[in-house]
Amino acid sequence: MRLRAPLAIIGLVAATLAAAPASAERLIVSVSNHRVTVTPNYSGGELVLFGSVEKDDKTPANRSNYDLVVTVAGPRADMVTRRKERKFGIWINTDSRQFLQVPGYLALFSNRPFDQIASPEVQRRQQLGLNNVTLVQRVGPDFADVVPNDPFRSAFVRLRSEHGLYREATSAVTFLTPTLFRTGIPLPAEVPIGTYDVEIKLFSDGALVTKTESAFEIVKIGFEQFVATTARQNGLVYGLVTALMALMTGWMASIVFRKD
Amino acid sequence: MQLYLPIADIPVNVFLILAMGAAVGFVSGMFGIGGGFLMTPLLIFVGIAPAVAVASVASHIAASSFSGAISYWRRRAIDPLLAAVLLVGGTLGTALGVWTFTFLRSLGQLDLMIALSYVILLTTVGGLMFWEGLRAMLRARGGRPVALRKPGSHVWIHGLPLKLRFKRSKIYLSVIPVVVVGLVIGFIGAVMGIGGGFILVPLMIYVLRVPTSTVIGTSMVLTLVTMVFATMLHAVTNHLVDAVLALILMIGGVTGAQFGARAGQKIRGEHLRLLLGLLVLAVGIRFAVELVIRPQDLYSIRETGGAPP
């Protein structure tokens, strides 16, 4: 399945190309590595995304100032944000909100500030910027995203950003020529494993021109990952082995340090 | 040297963890205790999630108590019958403890409960030990004899039914208080990630009147079995036991314990109890401070589910 990932991406690109005849531009992109293997001593790294804007005869001749927004979303999971409050003189978790299927990693890159690329309305519709990305919360019986300045939402984004897992950089995309662009995708040490979706949106004069998608996969390898997987999937065997290891260590110690 | 802990999910310095294991091992060897009550807080203070710390330290204590139990067994300082009766309560208490642990974790209050129980237990026990040690020292200075065990004095515990003769300990005692003591220690151990030796030994001496010749060896057997059981249960129900972390702790711990035991023999008993009391008290106060001061960040995030259903 992992080997097929690049094929799937080629397929995706092909599908995008096929579906895009209506618009005048095409986006062609590629990620420097479609399968990133993370070893236990991995301390962070960076992927590079390259691409170019292909014009055809339908493109208005005077169109040259493009804007680009790249959104990278990691594997999704449910997360709970809890807030501590002072009760009876001590700080305890009181209130909490559940975020449903939110990306474990989320990065938004563009070539200039979002408010210069598009109007607030377009920013909201196209989810430009961490403030405009939909993060669904369970609020009582309802499922909804809330205003960007909701304390739980902003705390959630802030905490994820502190770990480098959520980021937005409005000068990360660079145009090497008016149509050729590149951006780096930084991956911190704590990146969650799984499939990452990359969405590239091309704007011109405040409107979306075209978009395309790509993806890459992060796989952790090595002994530590094997341990983590075993612990989750074969709890009993793992527990037995750990207990035996403890007994062996204790027994070895009693032999090594035997006084008589 | 950085090493990635698979379950704790953070990179740590191997030598730091090894040194922590050795330091706690030294203390545990010196005082003849498991050291879980020091190890778990230390791990929490370096940034390992309390739940993972509690579950992993259980296996670390299993290792150190096993090496201890072997040497006590050789010296015939273990009362097998007493250990067996304690274990009846111990396994039950451990199962109950792991169940409570899982329940509190689902409520999101586990970290608070771990911290609170540390504060209550450690400040109480530490304060009592310190007071006891201080009084013993003053009495020794005053020239009066130190009477640890008053022979022939009977309390209500000795009036309970279901009496059993524990031959090696030379006591005749009801099984009810023994099972209850085992239950309490098993429960505390599973919830707090401690062997409970520092509570068990005084309980056995003062409440059950077990002679000092068999008390430490027998308590180690209980610690060993409850901790092996706790390791298994934590691994099966919560998947929180970090084997890599546990192994580093064990290696540091068993080595440190040997040097600690030698150092302990050079210090007088009441001084030792005074020191241990201070240490226990200090850890308890450290937890209390943590709870009372305003946390740096009022918000925290925890992942609750993976792929969509």
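In helix α2 of chain B, the residues Gly36(B), Phe37(B), Leu38(B), Met39(B), Thr40(B), Pro41(B), Leu42(B), Leu43(B) and Ile44(B) are buried. The structure described here is a predicted model, and in it this helix, which spans residues 36-45 of chain B, is mostly covered, with nine of its 10 residues buried. After α2(B) comes Gly47(B), a residue with a positive phi, near 110°. Chain B as a whole contains 10 helices and five strands, and buried residues amount to 50% of its 309 residues. Among the contacts in chain B with a separation of 6 or more, 80% are accounted for by residues 24 or more positions apart.

The largest nonpolar core comprises 107 residues, of which Ala62(B), Leu224(B) and Val228(B) touch the most other members. Helix α8 of chain B, residues 212-237, gives the most to this core, contributing 14 residues. When residues up to four places away in sequence are not counted, Ala62(B) touches Leu224(B), Met227(B), Val228(B) and Thr231(B) in its own chain, together with Ala243(A), Ala246(A) and Leu247(A) of chain A.

The contact between the two chains draws 43 residues from chain A and 45 residues from chain B. On the side of chain A that touches chain B, at least two residues each are supplied by β5 (76-87), β6 (90-103), α4 (151-162), α5 (223-233) and α6 (235-256) of chain A. The largest share of that side, 15 residues, comes from α6(A). By residue class, the side of chain A that touches chain B divides into 24 nonpolar, 13 polar and six charged residues.

Two of the elements that supply this side, β5(A) and β6(A), run antiparallel and are joined by 11 bridges, with Met79(A) having Phe99(A) as its bridge partner in β6(A). The two strands form a hairpin with two residues between them, and Phe88(A), which lies in the turn, has a positive phi of about 50°. Strand β6(A) is also joined by two bridges to strand β8 of chain A, residues 137-139, in an antiparallel arrangement; here Phe99(A) stands opposite Gln137(A) in β8(A).

Further strands of chain A are arranged in open sheets. One of these consists of six strands in the order β2-β14-β13-β4-β7-β10, with mixed pairing. Its edge strands are β2 (35-38) and β10 (166-169) of chain A, each of which pairs on one side only, and the twist from one strand to the next averages 15°. Strand β2(A) runs parallel to strand β14 of chain A, residues 207-220, and four bridges join the two; across this pairing, Val38(A) stands opposite Lys220(A) in β14(A).

Another open sheet of chain A is formed by four strands in the order β1-β3-β12-β11, and its pairing is antiparallel. Strands β1 (25-31) and β11 (174-175) of chain A stand at the edges with a single partner strand each, so one side of each is left without a neighbour in the sheet. Within this sheet, strand β3 (residues 45-55) and strand β12 (residues 180-187) of chain A pair in the antiparallel sense over eight bridges, and Glu46(A) has Pro186(A) as its bridge partner in β12(A).

Terms used. Residues are numbered from 1 along each chain as its sequence is written. Chains are lettered from A and ligands numbered from 1 in the order in which they are written. This is a predicted model: local features need pLDDT of at least 70, side-chain atom pairs count only at pLDDT 80 or more; totals for chains, interfaces and linings use all residues. Two residues are in contact if their C-beta atoms, placed from the backbone, lie within 7 Å. Ala, Val, Leu, Ile, Met, Phe, Trp, Tyr, Cys and Pro count as nonpolar, Asp, Glu, Lys and Arg as charged, and the others, Gly among them, as polar. Two strands pair if DSSP finds at least two bridges between them. A nonpolar core is a set of buried Ala, Val, Leu, Ile, Met, Phe, Trp, Tyr and Cys residues joined through C-beta atoms within 7 Å. A residue is buried if 20 or more other C-beta atoms lie within 10 Å of its own, exposed if 12 or fewer, and partly exposed in between; C-beta atoms are placed from the backbone. Axes are lines fitted to C-alpha atoms, for helices over the stretch in contact, and angles run from 0 to 180 degrees between N-to-C directions.
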